[in-house]
Amino acid sequence: MTVSARPARPKVVVTRALPDKVEARMAELFDVSLNRADAPFDRARLEAAIAECDVLVPTVTDIIDADLISRAGDKLKLIANYGAGVDHIDLKAAQARGIVVSNTPGVMSEDAADIAMALILAAPRRLVEGDKLVREGKWTGWSPTSMRGHRIGGRTLGILGMGRIGQAVAARARAFGLQIHYHNRHRVPAVLEGQLGASWHSTLDSLVEASDILTIHTPHTAATEHLIDARRLDLLGPEGWLINTARGEIVDPEALIGALQDRRIAGAGLDVYVDEPQVDPRLVALDTVILLPHLGAATFEAREAMGAKVVLNIRMWSGGDRPPDQVLEGWL
């Protein structure tokens with residue numbers, strides 16, 4: 001439904017440096033304030049931004065909580081998030097203030113799936129550990145018993161969250177001979193299960209217990225906070241690997257570190273952390289963990305496509321229409 005017109009050239013504040021093409025397009029269309037230095041906004045700068053703009057374009061590094069939203073000026077009517085995840089934005093507080101929130105779903109699914117699949121391959125085969133061995137000059141040559149990892153073909157991959165990314169991971173994993181199992185809030189259609197060769201588990205515990213490798217592709221919400229805890233890591237077992245490219249908060253960090261230190265699970269591949277960019281030094285010290293710097297959607301193609309979605313969402317909102325990627329009530 002069309003609503004009253006908004007500013008034809010809205011004041012837009014962007015909190016991080018975006019690809020050149022995206023920034024150039026924003027400058028053509030909007031009265032935009034860019035952050036070319038790419039230094040994350042501190043709290044004071046965020047408060048100043050929301051007091052003056054019609055549209056805020058934050059990223060995952062910006063905490064847009066209820067207190068911050070309460071300080072917003074009357075002009076702020078759209079938070080056009082640069083990213084698919086919106087767990088850093090208090091959606092209820094925004095809704096209460098009549099502020100629309102949009103995101104950028106779909107355009108990074110293939111890239112995120114590639115990173116997850118890379119970790120699924122790399123962790124059991126000890127690829128990063130092998131690279132380090134060569135770079136440090138400690139490799140003494142080929143040996144029948146050195147650097148042995150585990151074959152992934154024939155193993156069970158458990159996918160937590162069978163949305164766009166989970167489905168893309170399943171398609172890749174099937175080509176490597178993995179058996180696909182999944183748990184989702186809602187079972188996917190039988191046709192899709194057939195295409196992916198996927199078996200549904202009605203409970204998360206059942207999925208974890210059946211999995212040799214568990215990969216996480218669910219949003220971070222209050223319901224998924226520490227969803228993977230010590231008990232579930234024990235269900236994964238000493239021969240199981242955990243892959244997390246979703247959000248660090250979905251896994252209890254203390255439980256994960258304990259399980260890795262005690263070798264109650266075989267290893268992990270992580271692209272996300274609770275207090276990014278800080279990484280717990282206890283994780284860094286472990287050679288059974290692969291640590292990536294949040295690379296999930298870090299491709300030239302995805303970053304530009306994300307920017308294009310932000311621009312479209314702002315243009316549609318400015319024209320008086322609902323942004324196509326408005327985050328609706330189901331996220332709350």
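In the predicted model, the axes of helix H1 (residues 20-29) and helix H13 (residues 300-318) come within 9 Å and cross at roughly 15°. H1 and H13 are therefore roughly parallel (angles under 35 degrees), and their crossing is right-handed. On the H1 side, the contact (heavy atoms within 4.5 Å) involves Lys 21, Val 22, Arg 25, Met 26 and Leu 29; on the H13 side, Arg 303, Glu 304, Gly 307, Val 310, Val 311 and Arg 315 take part. By class, five nonpolar, one polar and five charged residues form this contact.

The second largest pocket has a volume of about 620 Å³. A pocket is an open set of points on a 1 Å grid over the protein atoms alone, where a 1.4 Å probe fits, with protein on both sides within 12 Å along at least five of seven lines. Its lining comprises 31 residues, each with an atom within 4 Å of a point. Arg 126, Glu 129, Asp 287, Thr 288 and Val 289 lie nearest the centre of this pocket. At least two lining residues come from each of helix H5 (109-125), helix H6 (127-135), strand S11 (267-270), helix H12 (281-284) and strand S12 (289-291), and H6 gives the most, with five. The lining divides into 18 nonpolar, four polar and nine charged residues.

Residues are numbered from 1 along each chain as its sequence is written, and side-chain values use heavy atoms, without hydrogens or water. Local features need pLDDT of at least 70 and side-chain atom pairs count only at pLDDT 80 or more, whereas totals for chains, interfaces and linings use all residues. Helices (H or I, at least four residues) and strands (E, at least two) are DSSP runs, numbered from the N terminus.

Technical notes
Points joined across faces, edges and corners; volume = space filled by probe spheres on them. Nonpolar A, V, L, I, M, F, W, Y, C, P; charged D, E, K, R; others polar. Axes fitted to C-alpha atoms, helices over the stretch in contact; angles between N-to-C directions. Parallel < 35°, antiparallel > 145°, perpendicular 65-115°, else oblique. Left-handed = near helix turned anticlockwise from the far one by under 90°.
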